[in-house]
Each structure stands twice: as structure tokens, then as C-alpha cells.
Amino acid sequence: AEVCCTKEPPAGVHALLYRTAVPEWGNFDSSSVLINGGYELVKNAMVSNMLSVQSDCPHREKLPYGGDLVADSPAALAFFDMSAFYKKTIYDWLDAQWGNGAYTETSVWQDLNDYAGVGYGAGETVWASAPLVLSVRHYQNYGDEDLLRKSLPHHVRWLDFLNKYFDAGMEEKGYDKELETYTNPPKSGLGDWLAMRARDTFLTHTGFYMASGRCIAYMAHVLEKKQDEEKGMSVANKIRDRIAYLYLKNGKDNFDFPKGHAENTPGPEMGLFSRIVPGEKRCIVLKNWFRRAGHTWPGEEEFKFIDAMSEEDKNAWIESGQLTKRGNRWAMGWSQWQGFNEGIFAIRYALKTLSEMGLHNIALRKATVPGFATPEYMMSHNATTMWESFWRSEDLYSRNHPMLGALAEWMSSSAAGVSLFPTTTGGRKMLFWPQFPKSANTLKFASAEQGSMRGDYAIAWRFEGLPKNESQYDSAIVGIRIRFLVPPSGEASLRFPVPQSSSTTATIHHAVTFPDLGHAKSEAKKDCEDRRRQKLGFSYNWDYDRVNEKWFKRVNGKAIGTPCVSFLFHPSLDNIAWSQTNGIIGRMIERTDEYLPPGLYEVIINNWQLEKEVEGSGRIGDIPEYYNAEGNISPYCSDKSGFDWNIEDATHII
């Protein structure tokens with residue numbers, strides 16, 4: 001609930017939250033108030049938009065938009081058991097399918113944005129592809145083969161529709177075959193909605209045509225329907241090759257349309273994450289991505305805010321790079337590498353690509369810095385739910401809207417390190433992939449619990465032996481302790497972080513007797529609730545002084561963002577009986593996964609070298625340290641296992 005424009009909260013007012021009763025089974029925590037706060041913003045927006053349908057906002061349209069579901073379903077699936085909810089959502093789309101095979105933009109046709117599709121009743125291609133993407137994600141999480149069997153014929157009709165009408169529809173919208181006249185996007189479509197960059201709608205339209213083929217191939221492969229599998233793969237590969245040809249033909253290796261200027265979204269992040277960029281080009285495309293920079297923002301609400309800041313606060317923002325000149329006015333700026341500029345799809349592609357390709361430190365920095373277009377910016381204006389846009393809107397855009405929520409799934413999967421294994425089905429197998437910041441100033445610990453059809457998995461890691469002097473947090477040699485929990489009917493793969501020093505050592509062992517985890521979880525929850533009552537989270541907000549007509553920062557402790565320690569590190573587990581340790585540094589260097597059957601595990605890493613973060617060329621600048629570097633900047637970009645899409649990989653379909 002949001003209460004506006006009163007000096008003090010009104011007495012005797014209570015807000016009641018209600019939603020469809022999907023079981024909650026995922027959570028995340030860390031040492032960072034800003035990351036935790038961002039996670040809570042998304043979760044709060046999600047639960048207030050989940051009544052019968054997953055809506056966009058609870059007070060206005062209240063519609064199940066396909067693009068929103070594609071964008072934020074990874075977060076919803078991490079938060080909740082969505083098996084029944086999303087099954088019903090998919091059936092809604094099947095019921096609304098037109099006789100010619102076209103899918104609509106929303107699960108119940110509303111005649112809202114049909115103009116943005118390729119015609120003949122189809123919604124915008126990304127939005128209309130939602131039932132296919134959801135079907136694949138549903139199977140990856142829940143293994144409901146009956147749902148695939150019932151939905152596949154409908155989805156094949158959608159692919160047949162695209163095969164018949166897509167090319168002509170795109171040409172009618174003004175996209176020529178070689179994109180020679182495509183110079184000022186967007187032409188038609190919603191694309192990477194509410195991004196701060198111009199939206200490359202050709203890439204999203206065509207990318208989700210490719211994804212539709214992949215989804216058909218994936219489902220048919222599961223159901224052993226060879227003809228449909230071959231049809232889906234043939235379409236997917238043809239479209240992938242077409243995108244790769246068009247987006248590399250400029251010879252700049254920056255994955256951009258022929259006459260583009262590396263200014264549109266999505267770009268390299270989508271090409272890399274979705275395995276569109278050819279393997280031999282992945283490293284150079286990744287490197288050139290860091291040539292992208294941000295820009296100042298012309299938002300009227302932001303200009304009004306700056307004009308009403310005190311000179312002291314304004315000067316502090318100028319010094320920190322949060323304000324930059326736009327003509328003769330000071331303006332807030334959106335950043336590519338220190339904050340967000342992406343729309344509802346590219347925010348996931350950017351964060352996941354950075355973390356998966358060995359540049360997790362930059363992904364963390366995007367989520368942990370203060371300033372415009374960050375979770376901090378929203379919370380500093382008293383947000384308790386995710387906004388529809390990264391900028392302030394007093395009239396048009398909602399302040400309770402989960403469509404930018406993909407960042408929450410990244411928090412549990414990458415900042416903590418637990419997610420579904422890409423090729424698993426029915427949630428049978430998890431991937432533990434703990435990754436760490438270069439500097440402990442960014443993050444000191446993180447944890448997550450992830451439910452599945454096989455039980456609850458958990459991970460927690462923390463730096464140990466940190467110096468008392470925080471100025472040494474980017475140079476000290478420290479230890480890292482990581483604990484993993486695999487439930488009795490589950491299994492997992494452990495993917496190791498790449499050591500930064502030849503002196504680093506690492507061992508693994510498992511608990512020989514199972515401790516009372518229920519007690520540890522209960523006590524850790526009580527400790528966390530006590531910390532939240534003390535309001536140890538986000539600590540300030542901007543208030544408006546109506547007498548002096550100035551904004552001022554009010555110190556005001558809040559519960560949102562409060563750091564809490566995982567139950568895996570609760571003191572009641574200090575006396576666990578562990579097995580003999582086994583050395584694993586060789587596997588860390590070789591980057592080979594470790595299979596983990598059910599149990600409780602602990603990895604201890606010694607002599608881990610903390611480092612200073614790369615500076616880049618300022619808050620809204622690029623990162624020359626990376627694009628000017630000799631050789632590859634990532635240990636993973638040349639990994640051939642990531643070159644091509646695997647037909648059993650539901651994670652990287654799109």
C-alpha cells in the first residue's frame with residue numbers, strides 16, 4: 001500500500017495484501033541493503049499482481065500481458081510454486097488462439113496492441129510467444145508432460161502462422177530484408193519495453209520467432225515427435241543464422257543492425273545469452289559490448305527534483321557522478337555499467353550474461369550502486385514495490401509493476417548461486433554456481449533457498465578473515481566458506497568459481513550426520529524478524545519541505561533491505577560432524593562441475609585474492625579497461641559448450 005502526501009502516516013490505517021494462494025518456496029539474502037531491497041521490491045510487486053491472473057499493475061489495467069510474463073516469469077518461478085497458476089495461464093492462451101493459429105498479446109484478447117504484431121490478429125511477436133515460452137519453463141520446473149502434449153499442437157499452429165505471415169508482415173511494417181533502411185528504431189512493436197535506450201524491435205520480433213521454433217523443437221523432443229522437432233529446429237536455426245548475418249555484417253563485431261550505432265536495446269546481451277552470436281565471435285562481441293556508454297536523462301520529474309535540491313546535496317551528486325551537464329542544465333544520467341538502462345527483457349540478458357561469462361563483478365555493480373535507475377533510487381522515494389519504469393512518473397506509469405522483475409531471479413541464481421540446471425526437467429537437478437565480487441566493499445555474503453518438486457535446496461557463502469580496516473577490502477587475501485543443501489530426492493552440480501591466484505586452495509566435505517536444520521531455520525527466521533523490527537535496512541528517503549520548497553534527505557530506518565544471515569550459518573550448526581576433506585582446486589582450474597547427491601556440503605577456499613574494481617570512464621561512461629584489453633577478458637567466452645543452443649536447454653531458449 002502507498003500513502004502519499006501526509007506529514008506523518010495516518011493512524012489506524014491497515015493494508016491487507018491478498019493474492020492467489022501459490023506456495024512460497026524461494027528467498028534471497030545478502031550483506032547488501034540495496035540488493036536485498038531490490039529483491040523485496042520485485043517480490044512485493046509480484047504478490048500484489050497475482051490474483052487469478054498475473055497482472056501488470058493492481059490498480060489500472062490488471063491484464064496478463066505476454067511480454068510481462070516472458071520477462072518476469074523466471075522471478076515468479078523462483079519465488080513460488082507456479083505449477084497450477086501457469087498451467088491455467090497457458091490454457092487461457094490456448095482458448096484465445098485464433099482459427100488461423102495466431103496468438104494474442106494477452107491471455108484474453110483485448111485489442112490493445114495488435115497494431116504492433118505482424119497482422120491477422122497476432123499480438124506483438126514477443127507478447128504472443130508467451131504461451132510457448134511459459135510451456136517450456138513450466139516443464140523445466142514441474143515436468144508436466146501432459147501439459148506439453150495438450151499444448152504442442154496449438155503451438156505448432158502458431159509457428160505455422162509465423163512461417164506464413166511473418167516475413168511479409170515485417171516488410172509491411174517497414175523492415176526491409178537487408179535492414180538497409182532500418183536506421184531509426186523502433187519502427188513497430190513494443191520490444192524491450194520502457195528501456196532508456198531506443199528499442200531494437202527487429203531483434204525482438206525476429207528473436208522470438210526464433211524462440212518459437214526452439215520451443216517447438218524442445219517440446220517435440222520431449223514427446224519424441226520427430227517431425228515437429230525437425231520443423232522447430234529448422235525454423236530456429238534459419239532465423240538464428242539470419243540474425244547473426246545481419247547483426248555482424250557491419251564488420252564491427254558489436255552485434256548491431258547494419259546501420260546502427262551500438263545504441264539500441266537489446267543488443268549483444270541478447271545475442272550472447274540466447275546463443276545467437278556464433279562461437280568464434282563470442283569473445284570479441286563480449287569485449288566490444290563494453291564500448292557502450294550511458295547518457296543523461298531528460299525526464300521532467302528528474303529536472304524538477306534537481307531544481308529543488310539544496311546546493312549541498314546537488315554538489316555531492318555532481319562529485320559522485322550522479323549529475324552530469326545536459327546542455328546548460330544538470331541532469332541525472334542512466335548508466336550501462338553502474339545502474340540500469342535496460343527494458344524488461346534486456347535487464348535479464350545483461351545480468352545473466354555478465355555473470356555467466358565471468359564478469360559477475362560488473363553485474364553486481366549494476367545492482368548495488370546508488371543513483372538514478374537503480375533500486376536505491378526507487379527506495380529513496382519510499383518505494384515498497386517495483387516501479388513500471390526506472391524514472392519517476394507522477395501520472396502515467398505505475399509504482400506497483402513487476403515487469404522489470406527479472407533482476408530478482410538473477411539475485412538468487414547468480415549473486416547467491418542456485419538455479420535450475422539448464423537441461424533439467426521437473427526441477428530434478430539444481431546448479432550451484434557461487435560467484436564473488438572482486439571487492440568485499442560490494443558484497444560480503446549472500447544466500448538463497450530454492451524450492452522444487454524434489455524439495456528445498458539452499459546455498460550460503462561468506463568471506464572470512466576480512467580485515468578490520470575496510471580500506472583493505474579490495475586488496476586483502478581472505479577465505480570463503482560455502483555451504484550447500486541438496487534435499488533427499490534431489491541432485492545438483494557444483495560449478496566452481498575461477499581462482500584469482502595460484503596460491504588459492506579449496507576443499508570440500510559433507511556432513512556425516514544430518515543436523516537439525518529445521519531448528520536452525522526456525523531460529524534464523526526469528527533472528528531475521530528481530531532485525532527487521534529494528535529497521536536495519538534502507539535508512540533514508542527524500543522528503544519535500546513545502547515551506548522552503550526544497551527536497552531534503554530524511555534519515556529514516558526501514559525494514560526493507562535488512563541483511564539477514566542464512567540458517568546454514570546459524571550458530572546451532574557450528575558443531576557439525578564433517579567427513580574427510582577432498583581437494584578440489586584442480587577442478588576449479590579446469591572448470592569441471594562436481595556432482596552432488598543429497599546431503600549437506602561445505603567448501604572452504606583459502607588465499608582468495610580480493611581486487612580493486614575496474615574504474616571505467618565514469619558513471620555514465622564505458623569500460624576501456626575491458627575493450628582495450630589484450631586477449632580474452634573472460635575465462636568462459638571461448639567455452640565451446642556455450643556456443644550453440646542445446647535442444648534440452650530451457651534456460652537459454654531466449
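Six is the count to start with: 6 bridges join strand 11, residues 445-450, to strand 12, residues 457-464, and the two run antiparallel. Within that pairing, Gln-450 has Tyr-457 of strand 12 as its bridge partner. Terms, quickly. Strands are DSSP runs of E, at least two residues, numbered from the N terminus. Two strands pair if DSSP finds at least two bridges between them.

Now the provenance. This is a predicted model, where local features need pLDDT of at least 70, side-chain atom pairs count only at pLDDT 80 or more, and totals for chains, interfaces and linings use all residues. Residues are numbered from 1 along each chain as its sequence is written, and side-chain values use heavy atoms, with hydrogens and water left out.

On to strand 10, residues 429-432. Which way do its side chains point? Lys-429 and Leu-431 go one way, Met-430 and Phe-432 the other, and all are buried. Buried means under 20% relative accessible area, exposed over 50%, partly exposed in between, with a 1.4 Å probe and protein chains only.

Strand 10 pairs antiparallel with strand 9, residues 418-420, over 3 bridges. There, Val-418 is partnered with Phe-432. With strand 14, residues 491-494, strand 10 runs parallel, joined by 4 bridges. Lys-429 has Glu-491 as its bridge partner there.

Last, Leu-16. Leu-16 lies in the segment before strand 1. Leu-16 is exposed, at 74% relative accessible area.
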